[in-house]
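Reader: I am new to reading protein structures. Please show me how to go from a general idea to a real case.

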Amino acid sequence: MSTTTHTSPSPAAPWRAAFESHMSEMPSPEFVFGSLHPSSSSESRTNYVPRVRYCIYRGMWSQLPENKHNDAPKNPRVYDSDLPTFTTDVRMQKVGDLFATSAGKADRDELVQGSGGGGPCETVYWIKEKGMQWRMKGTAFIVAPDIEDKEESSGVRTVKSEVGARMRLVKGAEGKEGQWSWERELTGHFGNCSPGMRGSWRNPPPGTLVKGEPDKDHQLAQKVEDLHDPIARRNFRVVVIRPDEVESTDLSDPATARRHRYTFHADAQDGKGEWTVEELWP
(Lines give C-alpha, C1' and ligand atoms only; values in the text may rest on other atoms or scores of the structure.)
Protein backbone atom coordinates (compact mmCIF):
# COMPACT_ATOMS: atom_id res chain seq x y z
CA MET A 1 0.00 0.00 0.00
CA SER A 2 2.86 2.35 -0.88
CA THR A 3 2.46 6.14 -0.78
CA THR A 4 -0.81 5.79 1.14
CA THR A 5 -1.40 8.01 4.13
CA HIS A 6 -3.27 6.27 6.92
CA THR A 7 -4.12 6.76 10.55
CA SER A 8 -3.66 4.71 13.70
CA PRO A 9 -6.57 2.71 15.13
CA SER A 10 -9.41 5.13 15.88
CA PRO A 11 -13.17 4.99 16.35
CA ALA A 12 -15.62 5.11 13.49
CA ALA A 13 -17.50 8.32 12.71
CA PRO A 14 -20.35 8.92 15.18
CA TRP A 15 -22.96 8.62 12.39
CA ARG A 16 -21.53 5.43 10.88
CA ALA A 17 -23.42 2.74 12.83
CA ALA A 18 -26.85 4.32 12.32
CA PHE A 19 -26.19 4.98 8.63
CA GLU A 20 -25.10 1.41 7.91
CA SER A 21 -28.03 0.03 9.90
CA HIS A 22 -30.44 2.07 7.78
CA MET A 23 -28.73 1.03 4.53
CA SER A 24 -29.12 -2.62 5.49
CA GLU A 25 -32.89 -2.19 5.85
CA MET A 26 -33.40 -0.87 2.32
CA PRO A 27 -34.66 -3.42 -0.25
CA SER A 28 -32.17 -1.83 -2.65
CA PRO A 29 -29.67 0.74 -1.25
CA GLU A 30 -30.33 3.42 -3.85
CA PHE A 31 -29.28 7.04 -3.42
CA VAL A 32 -29.04 10.24 -5.42
CA PHE A 33 -25.54 11.36 -6.40
CA GLY A 34 -25.08 14.98 -7.43
CA SER A 35 -22.08 16.48 -9.19
CA LEU A 36 -21.24 19.73 -10.97
CA HIS A 37 -20.94 19.79 -14.74
CA PRO A 38 -19.12 22.54 -16.67
CA SER A 39 -21.69 24.66 -18.44
CA SER A 40 -21.51 24.47 -22.22
CA SER A 41 -24.06 27.19 -22.88
CA SER A 42 -22.88 30.70 -23.63
CA GLU A 43 -26.16 31.91 -22.15
CA SER A 44 -25.60 30.29 -18.79
CA ARG A 45 -25.14 32.67 -15.84
CA THR A 46 -22.89 30.20 -14.04
CA ASN A 47 -19.81 28.17 -14.95
CA TYR A 48 -21.29 24.92 -13.65
CA VAL A 49 -24.70 23.28 -13.63
CA PRO A 50 -25.94 20.45 -11.38
CA ARG A 51 -26.24 16.87 -12.55
CA VAL A 52 -27.98 14.14 -10.49
CA ARG A 53 -28.60 10.43 -10.94
CA TYR A 54 -29.48 7.35 -8.89
CA CYS A 55 -26.67 5.04 -7.82
CA ILE A 56 -26.31 1.93 -5.64
CA TYR A 57 -24.43 2.05 -2.33
CA ARG A 58 -21.65 -0.58 -2.35
CA GLY A 59 -20.41 -0.40 1.24
CA MET A 60 -17.57 1.53 2.86
CA TRP A 61 -14.18 1.66 1.17
CA SER A 62 -11.77 -0.98 2.54
CA GLN A 63 -14.70 -2.90 4.08
CA LEU A 64 -15.92 -4.88 1.07
CA PRO A 65 -19.35 -6.39 1.82
CA GLU A 66 -19.45 -10.18 2.06
CA ASN A 67 -20.83 -11.95 -1.02
CA LYS A 68 -20.79 -15.74 -1.23
CA HIS A 69 -20.94 -15.54 -5.02
CA ASN A 70 -17.76 -13.45 -5.26
CA ASP A 71 -14.70 -15.58 -6.08
CA ALA A 72 -12.29 -12.64 -6.20
CA PRO A 73 -9.37 -12.68 -3.71
CA LYS A 74 -10.25 -10.54 -0.68
CA ASN A 75 -8.11 -8.11 1.25
CA PRO A 76 -7.50 -8.97 4.90
CA ARG A 77 -9.32 -6.76 7.40
CA VAL A 78 -6.52 -4.24 7.81
CA TYR A 79 -8.28 -0.93 7.20
CA ASP A 80 -11.63 0.64 7.95
CA SER A 81 -13.12 3.92 6.75
CA ASP A 82 -16.25 6.07 6.71
CA LEU A 83 -16.10 6.51 2.94
CA PRO A 84 -19.18 5.29 1.01
CA THR A 85 -18.59 3.73 -2.40
CA PHE A 86 -20.47 2.98 -5.60
CA THR A 87 -19.47 1.60 -8.98
CA THR A 88 -19.67 3.32 -12.35
CA ASP A 89 -18.49 3.32 -15.95
CA VAL A 90 -15.60 5.59 -16.98
CA ARG A 91 -17.69 6.55 -20.02
CA MET A 92 -20.40 8.06 -17.80
CA GLN A 93 -20.65 11.83 -17.43
CA LYS A 94 -20.20 11.76 -13.66
CA VAL A 95 -16.58 10.61 -14.02
CA GLY A 96 -15.70 13.57 -16.20
CA ASP A 97 -17.52 15.88 -13.78
CA LEU A 98 -15.39 14.71 -10.84
CA PHE A 99 -12.21 15.35 -12.80
CA ALA A 100 -13.28 18.66 -14.38
CA THR A 101 -14.29 20.19 -11.04
CA SER A 102 -11.28 18.88 -9.09
CA ALA A 103 -8.27 20.97 -8.13
CA GLY A 104 -6.49 19.70 -11.26
CA LYS A 105 -9.44 20.63 -13.52
CA ALA A 106 -8.82 17.76 -15.96
CA ASP A 107 -11.26 18.53 -18.76
CA ARG A 108 -10.15 16.32 -21.67
CA ASP A 109 -11.19 12.71 -22.24
CA GLU A 110 -7.63 11.39 -22.18
CA LEU A 111 -7.11 12.93 -18.74
CA VAL A 112 -10.00 11.11 -17.04
CA GLN A 113 -9.12 7.51 -17.94
CA GLY A 114 -7.16 6.74 -14.78
CA SER A 115 -7.50 7.21 -11.04
CA GLY A 116 -8.03 10.71 -9.69
CA GLY A 117 -10.89 13.16 -9.58
CA GLY A 118 -11.75 14.86 -6.31
CA GLY A 119 -14.55 17.15 -7.48
CA PRO A 120 -17.37 18.22 -5.14
CA CYS A 121 -20.43 16.06 -4.71
CA GLU A 122 -23.58 15.72 -2.65
CA THR A 123 -25.60 12.58 -1.95
CA VAL A 124 -29.08 11.97 -0.56
CA TYR A 125 -30.37 8.70 0.87
CA TRP A 126 -34.08 8.33 1.74
CA ILE A 127 -34.83 5.36 3.97
CA LYS A 128 -38.59 5.15 3.63
CA GLU A 129 -38.81 2.23 6.06
CA LYS A 130 -37.38 4.40 8.84
CA GLY A 131 -38.60 7.86 7.86
CA MET A 132 -34.96 8.95 7.71
CA GLN A 133 -33.05 11.10 5.27
CA TRP A 134 -29.26 11.13 5.09
CA ARG A 135 -27.35 13.77 3.17
CA MET A 136 -23.61 13.94 2.60
CA LYS A 137 -21.50 16.76 1.21
CA GLY A 138 -17.87 16.29 0.23
CA THR A 139 -15.63 15.20 -2.61
CA ALA A 140 -15.43 12.00 -4.65
CA PHE A 141 -12.44 10.14 -6.05
CA ILE A 142 -12.11 7.55 -8.83
CA VAL A 143 -10.24 4.26 -8.39
CA ALA A 144 -9.20 2.90 -11.80
CA PRO A 145 -7.08 -0.03 -13.11
CA ASP A 146 -3.90 2.08 -12.90
CA ILE A 147 -4.15 2.32 -9.09
CA GLU A 148 -1.09 0.10 -8.55
CA ASP A 149 0.92 0.78 -11.71
CA LYS A 150 4.68 0.86 -11.12
CA GLU A 151 4.81 4.46 -12.30
CA GLU A 152 2.21 6.35 -10.26
CA SER A 153 0.34 9.12 -12.05
CA SER A 154 -0.55 12.34 -10.25
CA GLY A 155 -4.13 11.06 -10.09
CA VAL A 156 -3.09 7.85 -8.34
CA ARG A 157 -1.01 9.83 -5.85
CA THR A 158 -4.00 12.09 -5.19
CA VAL A 159 -6.34 9.16 -4.53
CA LYS A 160 -3.90 7.34 -2.26
CA SER A 161 -3.17 10.53 -0.32
CA GLU A 162 -6.68 11.96 -0.02
CA VAL A 163 -8.56 8.69 0.46
CA GLY A 164 -5.76 7.09 2.43
CA ALA A 165 -5.78 9.94 4.95
CA ARG A 166 -9.30 8.92 5.95
CA MET A 167 -8.53 5.20 6.18
CA ARG A 168 -7.63 3.85 9.59
CA LEU A 169 -6.04 0.65 10.82
CA VAL A 170 -8.36 -1.77 12.53
CA LYS A 171 -7.43 -2.95 16.00
CA GLY A 172 -4.74 -5.62 15.88
CA ALA A 173 -3.73 -4.89 12.29
CA GLU A 174 -0.60 -2.91 13.10
CA GLY A 175 2.29 -4.10 10.94
CA LYS A 176 0.00 -5.72 8.35
CA GLU A 177 -0.36 -2.69 6.10
CA GLY A 178 1.65 -4.34 3.33
CA GLN A 179 -0.90 -7.15 3.06
CA TRP A 180 -3.59 -4.76 1.82
CA SER A 181 -3.88 -3.95 -1.90
CA TRP A 182 -5.78 -1.20 -3.72
CA GLU A 183 -6.00 -3.32 -6.86
CA ARG A 184 -7.36 -6.29 -4.91
CA GLU A 185 -10.05 -4.07 -3.40
CA LEU A 186 -10.97 -2.79 -6.87
CA THR A 187 -11.27 -6.34 -8.23
CA GLY A 188 -13.29 -7.33 -5.16
CA HIS A 189 -15.85 -4.65 -5.99
CA PHE A 190 -16.05 -5.94 -9.56
CA GLY A 191 -16.59 -9.46 -8.22
CA ASN A 192 -19.35 -8.27 -5.90
CA CYS A 193 -21.40 -7.26 -8.95
CA SER A 194 -23.62 -9.81 -10.68
CA PRO A 195 -22.58 -11.21 -14.09
CA GLY A 196 -25.31 -9.09 -15.68
CA MET A 197 -24.04 -5.95 -13.96
CA ARG A 198 -20.47 -6.75 -15.00
CA GLY A 199 -21.78 -7.13 -18.54
CA SER A 200 -23.06 -3.54 -18.45
CA TRP A 201 -19.44 -2.39 -18.69
CA ARG A 202 -19.42 -3.97 -22.16
CA ASN A 203 -22.49 -1.98 -23.26
CA PRO A 204 -22.32 0.43 -26.20
CA PRO A 205 -20.93 3.81 -25.02
CA PRO A 206 -23.55 5.41 -22.72
CA GLY A 207 -25.31 8.48 -24.07
CA THR A 208 -24.15 8.07 -27.66
CA LEU A 209 -26.50 8.02 -30.64
CA VAL A 210 -27.91 4.71 -31.82
CA LYS A 211 -26.54 4.25 -35.34
CA GLY A 212 -27.16 0.71 -36.49
CA GLU A 213 -25.96 -2.34 -34.59
CA PRO A 214 -23.06 -1.95 -32.12
CA ASP A 215 -19.87 -3.98 -32.63
CA LYS A 216 -19.64 -7.51 -31.22
CA ASP A 217 -17.64 -6.40 -28.17
CA HIS A 218 -20.22 -3.82 -27.07
CA GLN A 219 -23.66 -5.41 -26.86
CA LEU A 220 -26.52 -4.99 -24.41
CA ALA A 221 -27.51 -7.65 -21.85
CA GLN A 222 -24.18 -9.46 -21.81
CA LYS A 223 -23.14 -11.58 -18.83
CA VAL A 224 -19.53 -11.52 -17.70
CA GLU A 225 -18.14 -14.29 -15.49
CA ASP A 226 -14.44 -13.50 -15.96
CA LEU A 227 -13.20 -11.22 -13.18
CA HIS A 228 -10.52 -9.91 -15.55
CA ASP A 229 -12.60 -9.43 -18.70
CA PRO A 230 -10.45 -6.83 -20.52
CA ILE A 231 -13.27 -4.73 -21.95
CA ALA A 232 -15.44 -4.66 -18.82
CA ARG A 233 -12.46 -3.96 -16.54
CA ARG A 234 -11.24 -1.18 -18.82
CA ASN A 235 -14.53 0.65 -18.22
CA PHE A 236 -15.16 -0.34 -14.58
CA ARG A 237 -14.55 2.21 -11.82
CA VAL A 238 -15.15 2.49 -8.09
CA VAL A 239 -16.11 5.93 -6.78
CA VAL A 240 -15.11 6.71 -3.19
CA ILE A 241 -17.03 9.50 -1.49
CA ARG A 242 -15.15 11.49 1.15
CA PRO A 243 -17.83 13.23 3.23
CA ASP A 244 -16.97 16.41 5.11
CA GLU A 245 -20.52 17.05 6.32
CA VAL A 246 -23.23 14.49 7.06
CA GLU A 247 -26.82 15.26 8.01
CA SER A 248 -29.40 12.80 9.33
CA THR A 249 -33.01 13.97 9.47
CA ASP A 250 -35.42 11.86 11.50
CA LEU A 251 -38.99 12.36 10.27
CA SER A 252 -40.41 9.16 11.75
CA ASP A 253 -42.41 11.08 14.38
CA PRO A 254 -43.56 14.66 13.58
CA ALA A 255 -43.64 15.48 17.32
CA THR A 256 -39.96 14.69 17.86
CA ALA A 257 -38.44 15.32 14.42
CA ARG A 258 -34.79 16.36 14.53
CA ARG A 259 -31.84 16.95 12.24
CA HIS A 260 -28.26 16.19 13.29
CA ARG A 261 -25.34 17.72 11.41
CA TYR A 262 -21.94 16.05 11.66
CA THR A 263 -18.93 18.06 10.48
CA PHE A 264 -15.42 16.73 9.90
CA HIS A 265 -12.61 19.04 11.02
CA ALA A 266 -9.42 17.99 9.26
CA ASP A 267 -5.88 18.74 10.37
CA ALA A 268 -4.17 20.83 7.71
CA GLN A 269 -0.97 18.81 7.98
CA ASP A 270 -2.06 15.18 7.59
CA GLY A 271 -5.79 15.12 6.90
CA LYS A 272 -6.58 13.50 10.23
CA GLY A 273 -9.33 15.07 12.25
CA GLU A 274 -12.48 14.60 14.26
CA TRP A 275 -16.24 14.83 13.88
CA THR A 276 -18.46 17.26 15.77
CA VAL A 277 -22.26 17.10 15.91
CA GLU A 278 -25.01 19.70 16.22
CA GLU A 279 -28.69 19.11 16.88
CA LEU A 280 -30.98 21.14 14.59
CA TRP A 281 -34.65 21.59 13.89
CA PRO A 282 -35.58 19.56 10.80
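Author: We will take one feature at a time, with the general idea before the case.

Author: This is a predicted model, where local features need pLDDT of at least 70, side-chain atom pairs count only at pLDDT 80 or more, and totals for chains, interfaces and linings use all residues. Residues are numbered from 1 along each chain as its sequence is written, and side-chain values use heavy atoms, with hydrogens and water left out.

Reader: How many residues of strand β4 are buried?

Author: Terms come before the case. Helices (H or I, at least four residues) and strands (E, at least two) are DSSP runs, numbered from the N terminus. Buried means under 20% relative accessible area, exposed means over 50%, and partly exposed is in between (1.4 Å probe, protein chains only). Strand β4 covers residues 85-89, and five of the five are buried, so the strand is largely enclosed by the rest of the structure.

Reader: Which way do the residues of β4 point?

Author: In a regular strand the side chains alternate between the two faces of the sheet. Here Thr85, Thr87 and Asp89 point one way from β4, while Phe86 and Thr88 point the other way.

Reader: Which strand pairs with β4, and in what sense?

Author: Two strands pair if DSSP finds at least two bridges between them. β4 pairs with β8 (residues 236-250) over five bridges, in the antiparallel sense.

Reader: Now a helix. How many residues of α4 are buried?

Author: Helix α4 spans residues 182-192, and nine of its 11 residues are buried, so the helix is largely enclosed by the rest of the structure. Among the buried ones are Trp182, Glu185 and Leu186.

Reader: Which residue caps the N-terminal end of α4?

Author: Serine 181 does, with a side-chain oxygen 3.2 Å from the backbone nitrogen of glutamate 183.

Reader: What does the side chain of asparagine 75 reach?

Author: A polar contact is a pair of N or O atoms within 3.5 Å; within protein, one must be able to donate a hydrogen and the other to accept it, and residues adjacent in sequence count only if both atoms are side-chain atoms. The side chain of asparagine 75 reaches the backbone oxygen of serine 181 at 2.8 Å. Another polar contact, of 2.9 Å, links the side chains of asparagine 75 and glutamate 185. Asparagine 75 sits in the loop between β2 (48-56) and β3 (79-81), and is buried at 12% relative accessible area.

Reader: Is arginine 16 buried or exposed?

Author: Arginine 16 is buried, with a relative accessible area of 8%. It belongs to helix α1 (residues 16-24). Its side chain makes a polar contact with the side chain of glutamate 20 at 2.9 Å. A polar atom of the arginine 16 side chain also lies 2.5 Å from the backbone oxygen of serine 81.

Reader: How many residues does the largest nonpolar core have?

Author: A nonpolar core is a set of buried Ala, Val, Leu, Ile, Met, Phe, Trp, Tyr and Cys residues joined through side-chain atoms within 4.5 Å. The largest one has 31 residues, and Trp15, Phe33 and Ile241 are among those with the most contacts inside it. Strand β6 gives the most to this core, with five residues. A second, separate core of 27 residues includes Trp182 and Leu186.

Reader: Which phi does serine 62 have?

Author: Serine 62 has a positive phi of about 75 degrees, although it is not a glycine. Serine 62 counts as buried, at 3% relative accessibility. Alanine 221 also has a positive phi, of about 60 degrees, but counts as exposed at 78% relative accessibility.
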